[in-house]
Amino acid sequence: MSTMTWNELDQQAVDTARVLAADAVEKVGNGHPGTAISLAPVAYLLYQKVMTVDPGDPHWLGRDRFVLSIGHSSLTQYTQLYLAGFGVEVADLASFRTWGSLTPGHPELGHTAGVECTTGPLGAGVSNAVGFAMAARKERQLFDPGAEPGQSVFDHFVYCLAGDGDMEEGISSEASSLAATQELGNLILIYDDNRISIEGDTVIAFCEDVTARYAAYGWHVQEVDFTQGGTGYEEKIDQMYAAIEQAKAVSDRPSFIKVTTIIGWPLPTMAGSEKVHGAKLGADEVAALKTRLGFDPGKQFDVADAVIAYTRKNAAERAASFRQDWDARFAAWAQANPERKALLDRVLARHLPSHLEDSLPQFPAGKKSTRAASGDVLSAMADSLPELWGGSADLAGSNNTTMAGQSSFLPPNRASAIWTPAPNGRTLHFGIREHAMGGILNAINTGLTRSYGGTFLVFSDYMRTPVRLAALSHIPSVFVFTHDSIGVGEDGPTHQPVEHVASLRLIPGLDVIRPSDANEVAEAWKIILATSDHPTALILTRQDVTTFDRTPGSGFAATSQMAKGAYTLIEASAPAPKAVIVATGSEVEIAVQARQILQAGGIPTRVVAAPCLEWYAAQPASYKQELFPCDAAIVSIEAGVTYGWAEVVGARGRSIGIDHFGASASAATLYAQYGVTADHVVSEVTDILG
């Protein structure tokens, strides 16, 4: 176990972080100062004494990951980024929570250097931390499988700070349970047990023994009480450091450290009160804090030159030492592993292999569900994309998320009658934990691999926050949602998503793709994997649908136009169509059936497949006008709510859908009863045409 030194400048730096947090909230008039003040010693210990990081290169591959799950206490992190020299300066702290600042109210990935993930929705950071830890193990096996434990250049630790609110949210339980199953010895979760939330003492809603809960999961647990045995926190620093070092030595399970604190300590009169949780302290209390800590109460954002020089010098020297060792080992690894180095270079550049398209299957005309087609595509791409892995929330056989012949990403002792574990396994088993699955995927997809996760579309409600955070953070996570409509049939309205596609389309920056047939699925995966700056929701059918004959001369368009979001699948018999039917997913085959009837009745009709309305919205107006002539009768058909389709079909158009919940019956019965039929389309077209 290594030793740690702690001197007067370290103590001054901790107190500087405290008063900076108080000043920042006081200046803007809102924020969360309490935890940033009381937890400053722990955060400082991590950044200045424990973590392997390089402030000059925040994206360095060899770094440890830090997750502030208590995202509302963003100043806990911002003050340490300032002290360590990550690019945050006093002026940024002074502009906390204001327009254009590097210090927004909650940490945001890509906005502030040193922030690894966007946190704020409580518990989300815990799931991200589990994802980072899983990703580290996967990346090590992908790029350096022969290294001794703890000796690879791809080995690193993940540290997460969480609070009472994180522990109360269900997502933290989901993720923590899975972390124990995965035996993530590189994950250290530090729980700030201050027993205060917005409504006051947590005894009114939260009385469990959290340490016992984590022990029951199978975590290694420790406790450090900063409130007993003295008048200050600092004398507990050695104990805290020893606990972290002990946690690092435990390699067969994740570690949990409960840190008992008094929120806002050492505020003279308000420490321990809910009043310091989420509001400014007031000028008198801030001045009293500064006086107690030896600062000038008349100065704001006051940092001693000696303190900032010391902390940045210490952080830089530690980074230089880390880098000297790591760079040499990385060079040796690269020389010894040229093929793996080439793979690393490719994934860092977010490039796909040139031969990927050759591996994509081409499906013949016939019948196949799009979920089954997706499984075929994933299996076909497996050899070409070793960095791709994924699974589902206990629905592998239904979501078709398992690549054929691939083992499971599990510890060796987790074998079952069906699944075979392997260190480099590519099949993920999230259990029935949709919310945690989303957060884990987001963390994985910020790194060196690409991962996807599947569940039923109706359960996207359980994991909407991670989907939204992926879009907000520009993370290319892939959310596979199957059983996409009343086509689920006899399972009934609880399992029939009618509003979910429209709801997902409301999330800015999320591509919602609902392919019409197997070949559109293959094209969709190609586009998805080439996308590196935002997430995708892939919406797939349970039931078989028509795979269109797209061979030259068939009349059906190739999928190469799919990237436009909406394209002519089959043209009208006349140059100027009198009717245009636009549809997505399983309803495209209904549109084709309606076209046959209309054409036979002398109405030239075009069918437009619209797999992604987000892509379509980005097309020029001229393309949209050409696709949907203003003098044509335009009808949309989708087995879900009709919300949003008016923008496509226009004021004269009609939309066929289901603006109510479904029922328990066969899919065919439901489609007929609810009018999602070719006859209904024909009726609407003829009515428009008069």
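Which helix gives the most to the lining of the second largest pocket? Helix α6 does, with four residues.

The close-ups below show a predicted model, in which local features need pLDDT of at least 70, side-chain atom pairs count only at pLDDT 80 or more, and totals for chains, interfaces and linings use all residues. Residues are numbered from 1 along each chain as its sequence is written, and side-chain values use heavy atoms, with hydrogens and water left out.

**View 1. The largest pocket holds about 1000 Å³ of space.** A pocket is an open set of points on a 1 Å grid over the protein atoms alone, with protein on both sides within 12 Å along at least five of seven lines; a cavity is a set of points where a 1.4 Å probe fits but cannot get out, and lining residues have an atom within 4 Å of a point. Grid points are joined across faces, edges and corners, and a volume is the space filled by probe spheres set on the points. The largest pocket has 36 lining residues, and those nearest its centre are Arg 140, Pro 149, Gly 150, Asp 155 and Asn 186. Helices α6 (124-143) and α12 (305-336) each contribute at least two residues to this lining, with the largest share, five residues, coming from α6. Helices (H or I, at least four residues) and strands (E, at least two) are DSSP runs, numbered from the N terminus. The lining comprises 17 nonpolar, 10 polar and nine charged residues. In this classification Ala, Val, Leu, Ile, Met, Phe, Trp, Tyr, Cys and Pro count as nonpolar, Asp, Glu, Lys and Arg as charged, and the others, Gly among them, as polar.

**View 2. The second largest pocket has a volume of about 570 Å³.** Its lining is formed by 29 residues, of which His 59, Arg 63, Leu 109, Thr 446 and Gly 447 are the closest to its centre. Two or more residues of this lining are given by each of α6 and α13 (338-348). By class, 13 residues of the lining are nonpolar, 11 polar and five charged.

View 3. The structure holds six cavities of 30 Å³ or more. Fifteen residues line the largest cavity, and Val 347, Arg 350, His 351, Glu 387 and Arg 450 lie nearest its centre. This lining divides into six nonpolar, five polar and four charged residues.

**View 4. The second largest cavity has a volume of about 100 Å³.** Of the 17 residues in its lining, Cys 117, Thr 118, Asn 128, Asn 442 and Leu 469 lie nearest the centre. The elements giving two or more residues to this lining are α6, α17 (434-444) and α18 (464-473). Seven of the lining residues are nonpolar, nine polar and one charged.

**View 5. Five strands form an open sheet in the order β1-β2-β3-β7-β6, with parallel pairing.** The edge strands, β1 (65-68) and β6 (220-225), each pair on one side only. On average, neighbouring strands of this sheet are turned by 15 degrees against each other, direction ignored; axes are lines fitted to C-alpha atoms, for helices over the stretch in contact, and angles run from 0 to 180 degrees between N-to-C directions. Two strands pair if DSSP finds at least two bridges between them. Strands β2 (residues 158-163) and β3 (residues 187-193) run parallel and are joined by six bridges. Within β3, Asp 192 stands opposite Gly 163.

**View 6. Strand β16 (residues 536-539) is joined by bridges to β14 (residues 478-482) and to β15 (residues 511-513).** Four bridges link β14 to β16 in parallel, and Phe 481 has Ile 539 of β16 as its bridge partner. Three bridges link β15 to β16, also in parallel, and Ile 513 has Leu 538 of β16 as its bridge partner. From β15 the chain crosses through helix α20 (residues 518-529) to β16 in a right-handed β-α-β crossover; right-handed means that, with the strands pointing away from the viewer, the path from the first strand over the helix to the second runs clockwise. Thr 536 and Leu 538 point one way from β16, Ala 537 and Ile 539 point the other way, and all are buried. Buried means under 20% relative accessible area (1.4 Å probe, protein chains only).

**View 7. Helix α4 (residues 75-84) is mostly covered, with 10 of its 10 residues buried.** Among them are Leu 75, Tyr 78, Leu 81 and Tyr 82. Gly 85, which follows α4, has a positive phi near 90 degrees.

Methods: Buried means under 20% relative accessible area, exposed over 50%, partly exposed in between (1.4 Å probe, protein chains only).
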